[in-house]
Amino acid sequence: MIDLKDVSKAYPNGVHALNHVNLHIDKGEFVYVIGATGSGKSTLIKVLNGEIVPDEGTVIVGGVNVGALKHRKVPYYRRNVGCVFQDYRLLPKLTVYENIAFALEVVGMPRKQIRKRVMEVLDLVDLKEKARSYPDELSGGQQQRVTIGRAIANKPMVLIADEPTGNLDPEKSLEIITLLEKINKKLDTTIMMVTHDKVLVDRFKKRTIMLDKGYVIHDSNRGGYKSL
Amino acid sequence: MLLFFKSLPRLVRNANKDMHRHFSMTFSSIVSIGIALLMALFIFVIYVNVGGFTNQIENEFMIQVSLNPTLEDEEISELADSIASTSSVKKVTYSSKDDELDALIKENGPMFKQYKGKDKNPLYDVLNVELKDNTKISKVTKKISKMDGVVKATYGGSAINTMIQLFKNIRVWGSVFVGLMVLIAVFLIRNTIKMTILVRKDEIAIMRTVGAYNWYISFPFVLEGIFIGFWGALGPVLICIFGYTGLYHVLNGMFFSNMMTMLKPYPFVLWTSGGILLIGMVVGMLGSYLAVRKYLRWTR
């Protein structure tokens with residue numbers, strides 16, 4: 001599903017964010033990407049969702065060469081890559097229903113289909129009863145579930161979660177990781193989760209990739225920090 | 001393309017929603033473009049009517065060249081050709097002293113009939129010279145008066161010359177002012193759309209993340225600009241239709257004297273209103289396009 005071959009990226013300020021990264025992630029896999037601040041995690045996400053182009057190497061996601069994508073094809077590609085952020089990025093003036101529907105509206109889906117799909121998603125993220133609530137009426141965990149709902153509304157092949165539990169307490173973090181596992185199993189969505197949460201990584205063991213100064217320094221299928 | 005038409009109602013709704021959401025900014029833009037178009041309208045109405053008035057004067061305005069009575073027909077013809085070949089001269093027509101007397105009698109009454117008959121007519125044969133550019137009348141008159149066989153060359157005088165120059169200036173500077181006003185309106189709309197884009201930057205970022213096409217993101221802003229232009233133009237259009245028609249009726253279609261007649265309201269106001277609406281919408285579109293191009297540019 002995801003193939004990175006010898007990928008490097010340096011910024012104009014001279015920082016080498018990624019250095020000769022080689023990765024292969026299968027369809028339906030759930031992987032953690034861990035590493036200290038400045039290790040290249042955010043750049044990896046940007047390379048994967050087509051926001052930046054690597055200086056060297058190839059990035060293949062679902063058979064698409066992301067780096068070689070024509071500018072106008074990027075939006076279409078992005079419908080296959082859902083993104084979840086630490087700061088939720090919900091639209092405060094829209095309800096939960098409207099926030100999820102928003103992702104479908106912008107790709108031109110007919111209204112009837114939008115209604116059906118949003119109800120499915122709300123059911124999946126267990127927020128049916130909050131459909132008419134506004135983001136500021138929800139807890140952090142619920143807001144993050146809305147963000148996840150919005151990210152999966154288009155049925156993406158890949159879901160990239162950038163520290164989705166970063167702003168949440170342990171109990172809510174548990175809620176989110178459980179939801180992501182549910183999506184991974186039920187929809188067979190490939191999930192890449194960038195995290196700093198040692199407890200989660202150790203408790204819900206999955207393949208764990210560690211980045212440091214732009215290099216992949218560990219890639220363990222056993223999972224957990226202790227395995228690295 | 002199909003997606004565009006499918007999405008059009010939604011894009012229009014979004015543009016309307018944005019206008020309501022940022023009502024104060026939208027309102028100030030509408031007022032600004034309205035004022036700009038209103039001023040442009042006033043200048044245009046004056047421009048067109050003064051233009052008509054100037055044309056009326058200019059058409060009646062020519063140099064009268066009095067000819068030496070000793071000139072033979074052949075010499076008169078040569079002189080006419082020589083004047084006609086002067087730059088700025090449009091047309092030269094010959095009028096004999098008898099024709100001139102007839103015209104005098106017609107204009108001023110039968111008392112001048114006493115000058116009819118051989119050797120009684122004190123007038124000269126004349127050449128009437130029309131010019132392409134009436135601002136050069138003084139220069140051309142001087143040149144003609146120095147030619148052989150010319151007794152004198154006269155025209156309406158310096159007062160009328162100044163008036164023509166004044167009208168020409170009004171035309172030129174009026175056009176410049178209208179152009180400037182339109183530019184200001186473009187700039188104001190560009191600024192409003194820029195503010196809207198900045199206010200909505202989070203929403204735009206989310207739209208990009210979930211895979212919205214760039215045109216889907218930018219089109220509502222362009223529509224918003226067109227709507228602002230339309231609403232801004234509506235006031236001047238109403239003033240044009242009702243104000244001009246009313247003024248025409250109040251003044252009986254004349255400014256001060258029957259020399260300055262106003263253009264008839266129909267179809268003038270309809271064309272002008274259509275033009276104002278179109279300018280408003282094009283200006284709105286241009287302003288928003290400039291903002292979108294600069295602030296919604298996405299590169300990777």
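Me: In this predicted model, at roughly what angle do the axes of helix α8 (residues 214-250) and helix α9 (residues 265-295) of chain B cross?
Reply: The model is predicted. The axes of α8(B) and α9(B) come within 7 Å of each other. Their crossing angle is roughly 155 degrees.

Me: Are α8(B) and α9(B) roughly parallel or roughly antiparallel?
Reply: The axes cross at roughly 155 degrees. Angles over 145 degrees count as roughly antiparallel. The two helices, α8(B) and α9(B), are therefore roughly antiparallel.

Me: What is the hand of the crossing where α8(B) passes α9(B), and how many nonpolar residues does the contact have?
Reply: The crossing of α8(B) past α9(B) is right-handed. By class, the contact has 11 polar residues and one charged residue. The nonpolar residues in the contact number 22.

Me: Which strands stand at the edges of the open sheet of chain B, and why is one side of each left without a neighbour?
Reply: Four strands of chain B make up the open sheet, with antiparallel pairing, in the order β2-β3-β1-β4. Each edge strand has a single partner strand, so one side of it has no neighbour in the sheet. The edge strands are β2 (89-95) and β4 (150-154).

Me: Which helix lies across β1, β2, β3 (126-131) and β4 of chain B?
Reply: The helix in question spans residues 137-145 of chain B. It runs at about 175 degrees to β4(B). This helix is α5(B).

Me: Which element supplies the largest share of the side of chain B that touches chain A?
Reply: The contact takes 16 residues from chain B and 18 residues from chain A. On the chain B side, α1 (2-21), α7 (201-209) and α8 each supply at least two residues. By class, that side has seven nonpolar, four polar and five charged residues. The largest share, five residues, comes from α7(B).

Me: What percentage of the residues in chain A are buried?
Reply: Chain A has seven helices and 10 strands. Of its 228 residues, the buried share is 44%.

How values were computed: Residues are numbered from 1 along each chain as its sequence is written. Chains are lettered from A and ligands numbered from 1 in the order in which they are written. This is a predicted model: local features need pLDDT of at least 70, side-chain atom pairs count only at pLDDT 80 or more; totals for chains, interfaces and linings use all residues. Axes are lines fitted to C-alpha atoms, for helices over the stretch in contact, and angles run from 0 to 180 degrees between N-to-C directions. Angles under 35 degrees count as roughly parallel, over 145 as roughly antiparallel, 65 to 115 as roughly perpendicular and the rest as oblique. A crossing is left-handed if the near helix is turned anticlockwise from the far one by less than a right angle, and right-handed if clockwise. Ala, Val, Leu, Ile, Met, Phe, Trp, Tyr, Cys and Pro count as nonpolar, Asp, Glu, Lys and Arg as charged, and the others, Gly among them, as polar. Two strands pair if DSSP finds at least two bridges between them. Two residues are in contact if their C-beta atoms, placed from the backbone, lie within 7 Å. A residue is buried if 20 or more other C-beta atoms lie within 10 Å of its own, exposed if 12 or fewer, and partly exposed in between; C-beta atoms are placed from the backbone.
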